[in-house]
Amino acid sequence: MLHIGVLASGRGSNLQALMDGCAGGRIRARIVVVISNNSRSGALARASQAGVPGYHLSDHTHPAPGELDAAICHVLQEHACDLVALAGYMKQLGPATLGAFPGRVVNVHPALLPRHGGLGMYGIRVHEAVLAAKDAYSGATVHLVTGEYDQGPVLAQRRVPVLPDDTPETLAARVLAVEHELYVETVAAIARSEIALPIPS
Ligand code: GRF
């Protein structure tokens, strides 16, 4: 059984979708640990509610350079994680963690990468950018995480049409529902080895 560690900063609805997917049997895996940089995140509350160990690890708890990266890596290894899933995690993972889980860190992004990704492209800003660009479609992307924001290989994408009267908020809500579905399907496919994660050389 695949062991998944999840990192999340906020509300935690993608974490919830993954936990529900595991509990309901759609994903043959177990969420074994949740890490958040935000002690008051919905994600940590949801982990606690589900009986999953949760850790608050941040620049506040680990201020020295490299210390936070080492702590995150240690917690993931201590819980024997095979896969690391970012779910609305607002920080970049450090080299120790990425090096310990090569090709084994996935993320969900609320747009069709490579459009509307990169540094500073998160939350409502992504949907504002989609509307400003007058794109006909937005969507969700599940991709591998590398040292560069939102640039790792794409594992799965699903389109969401942009409607004429969309606001950033209405678009965000429709994309979020698709994120949940796509993330669960993709992680389930990884757990079944239908998606083989590449090991970078
Ligand atoms: C999602 O849109 C996710 O794609 C993005 O941040 C949002 C997090 O939502 N990276 P939640 O915390 O999973 O509810």
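This is a predicted model: local features need pLDDT of at least 70, side-chain atom pairs count only at pLDDT 80 or more; totals for chains, interfaces and linings use all residues.
His116 is found in the loop between β5 and α5. The phi angle of His116 is near 60 degrees, a positive value in a residue other than glycine. Pro114 lies in that loop too, between β5 (105-109) and α5 (124-132).

**Loop between β5 and α5**
- Leu113 and Pro114 are joined by a cis peptide bond.
- Omega for this bond is about 10 degrees.
- Pro114 belongs to the loop that runs between β5 and α5.
- His116, with its positive phi, is also placed in the loop between β5 and α5.

**Ligand surroundings**
- Eight names make up the shell: Arg11, Gly12, Ser13, Asn14, Gly88, Val108, Pro110 and Glu179 surround the ligand.
- By class, this shell holds 2 nonpolar, 4 polar and 2 charged residues.
- The ligand takes up the space of the largest pocket.

- Ser13 places a polar side-chain atom 2.5 Å from an oxygen atom of the ligand.
- Arg11 has a side-chain N or O atom 2.6 Å from an oxygen atom of the ligand.
- Val108 contributes through its backbone: an N or O atom there lies 3.3 Å from an oxygen atom of the ligand.
- Taken alone, the ligand exposes 360 Å², and the protein buries 87% of that area.

**Fold and overall dimensions**
- The protein has 6 helices and 7 strands.
- From the N terminus on, the order of elements is β-α-β-α-β-α-β-α-β-α-β-β-α.
- The C-alpha atoms fill a box of roughly 50 × 40 × 40 Å along the principal axes.
- The radius of gyration is 16 Å, which agrees with a compact globule, because a globule of 201 residues would have a value near 17 Å.

Definitions and conventions. Residues are numbered from 1 along each chain as its sequence is written. Side-chain values use heavy atoms; hydrogens and water are left out. A residue is near a molecule or strand if one of its heavy atoms lies within 4 Å of it. A polar contact is a pair of N or O atoms within 3.5 Å; within protein, one must be able to donate a hydrogen and the other to accept it, and residues adjacent in sequence count only if both atoms are side-chain atoms. Accessible areas come from the Shrake-Rupley method with a 1.4 Å probe; for residues, only the protein chains shown count as cover. On a 1 Å grid over the protein atoms alone, a cavity is a set of points where a 1.4 Å probe fits but cannot get out, and a pocket is an open set with protein on both sides within 12 Å along at least five of seven lines; lining residues have an atom within 4 Å of a point. A molecule sits in a cavity or pocket if more than half of its atoms lie within 2 Å of its grid points. Ala, Val, Leu, Ile, Met, Phe, Trp, Tyr, Cys and Pro count as nonpolar, Asp, Glu, Lys and Arg as charged, and the others, Gly among them, as polar. Helices (H or I, at least four residues) and strands (E, at least two) are DSSP runs, numbered from the N terminus. The radius of gyration is taken over C-alpha atoms; the globule rule is 2.2 Å times the number of residues to the power 0.38.
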